[in-house]
Amino acid sequence: MDEQDVKNAVAAVAGARATVKVDGARIGVVVDATGLDAKARDALEAAVTMAASAPGREVRVVVTAERPRRRTIAVASGKGGVGKSTVSANLAIALSHIGRRVGLVDADIYGPSQPRLLGVEGTRPEAKDKVLLPVQTPFGVPLLSMGQLVAPGKAIAWRGPMTAGALGQLMDAEWGVADTLVVDLPPGTGDVQLTMIQKHRPAGAVIVCTPQDLALIDATRAIDLFEQAGVPIIGVIENMAGYACPHCGEVSDPFGCGGAEAAAKARGVPFLGRVPLDIAIRRASDAGDPPAADPADRTFRPIAEQVVRWLEGGAETPGGVER
Ligand code: ADP
């Protein structure tokens with residue numbers, strides 16, 4: 001056997017990713033699969049094994065990969081129904097449009113709605129070696145949802161340890177090249193939030209609220225939870241801010257205007273922007289067609305740009321917190 005022939009055959013399928021060692025009839029190949037997703041990695045491993053194999057040879061292929069530096073953004077709200085899931089889905093897509101490699105975790109045990117919002121309702125993730133493989137969505141943002149771990153239509157009635165176990169499965173899944181995980185948390189300040197903070201340490205939290213005072217009081221509680229645990233607040237997003245008339249497009253403010261921005265300012269946390277109460281957003285969300293997927297979107301993109309600046313250590317960074 002010609003050693004160079006083996007090396008050439010392997011290089012033809014793996015290029016510089018493979019290092020070949022030949023010891024008699026034993027061939028060892030180390031393949032660097034950094035940056036490849038699970039499917040591409042398996043395909044590369046199979047191709048290398050085939051290229052190196054011949055009768056009488058013993059081939060061992062070891063696949064390695066550098067773990068990408070991945071950071072988690074927790075999306076939280078003080079109470080339900082403020083549009084936290086809608087904002088999470090659209091933020092994830094808008095972030096991916098500006099170059100982040102984003103995965104979306106739907107940890108909302110009370111109403112896991114991301115499969116519907118991202119047009120993949122009814123899908124189930126597969127697992128490889130007990131590690132979940134996120135479901136691909138039409139928007140380039142892979143997804144795992146608490147809703148995918150239970151039978152369709154069944155309420156999730158888990159106690160603390162089960163919730164923690166399920167969250168762990170979603171967070172420690174095969175996220176491949178994702179550098180950013182957006183996590184849609186349940187509303188309030190319960191078990192999932194605590195596990196998230198303690199075990200999966202988010203880089204920062206985004207708080208979604210509506211303009212009403214009551215929601216702001218609730219939002220303040222959510223801010224407190226993260227701040228007390230030393231998780232920086234990336235900023236506050238005011239959802240359902242102003243009503244966009246579907247007929248004339250005029251925006252009015254049935255709940256007043258500027259409350260969330262003022263509350264954020266008073267708390268010393270950044271204000272990331274407003275999303276209007278717009279029937280088009282509700283319709284598109286229900287239809288699994290998130291508005292941020294539209295290249296013309298000017299609502300979620302500026303918010304995502306601020307989050308990216310924050311992640312990259314830009315101007316919006318709240319004072320000196322390590323991340
Ligand atoms: P949460 O996750 O906070 O419980 P959802 O994201 O599920 O809230 O939103 C609750 C409802 O409000 C959904 O029907 C959603 O389509 C709708 N909704 C959310 N944000 C907006 C918005 N900006 N304009 C119109 N409808 C919205």
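The protein chain is assigned two domains, domain 1 (3–64) and domain 2 (71–311), with bounds that come from an automatic or database domain assignment. The model is predicted: local features need pLDDT of at least 70 and side-chain atom pairs count only at pLDDT 80 or more, while totals for chains, interfaces and linings use all residues. Residues are numbered from 1 along each chain as its sequence is written.

**Whole chain**

- The centres of domain 1 and domain 2, taken over C-alpha atoms, are 41 Å apart.
- The C-alpha trace spans about 80 × 45 × 45 Å along its principal axes.
- The chain has 10 helices and 13 strands, which are DSSP runs (helices H or I, at least four residues; strands E, at least two) numbered from the N terminus.
- Of the 323 residues, 42% count as buried. A residue is buried if 20 or more other C-beta atoms, placed from the backbone, lie within 10 Å of its own, exposed if 12 or fewer, and partly exposed in between.

**Helix H2**

- Leu 44, Val 48, Ala 51 and Ala 52 of H2 are buried. They lie on the same side of H2, because they cover an arc of only 90° around the axis, taken from the directions from the helix axis to the C-beta atoms.
- Lys 39, Ala 43, Ala 46 and Met 50 are exposed on the other side of H2.
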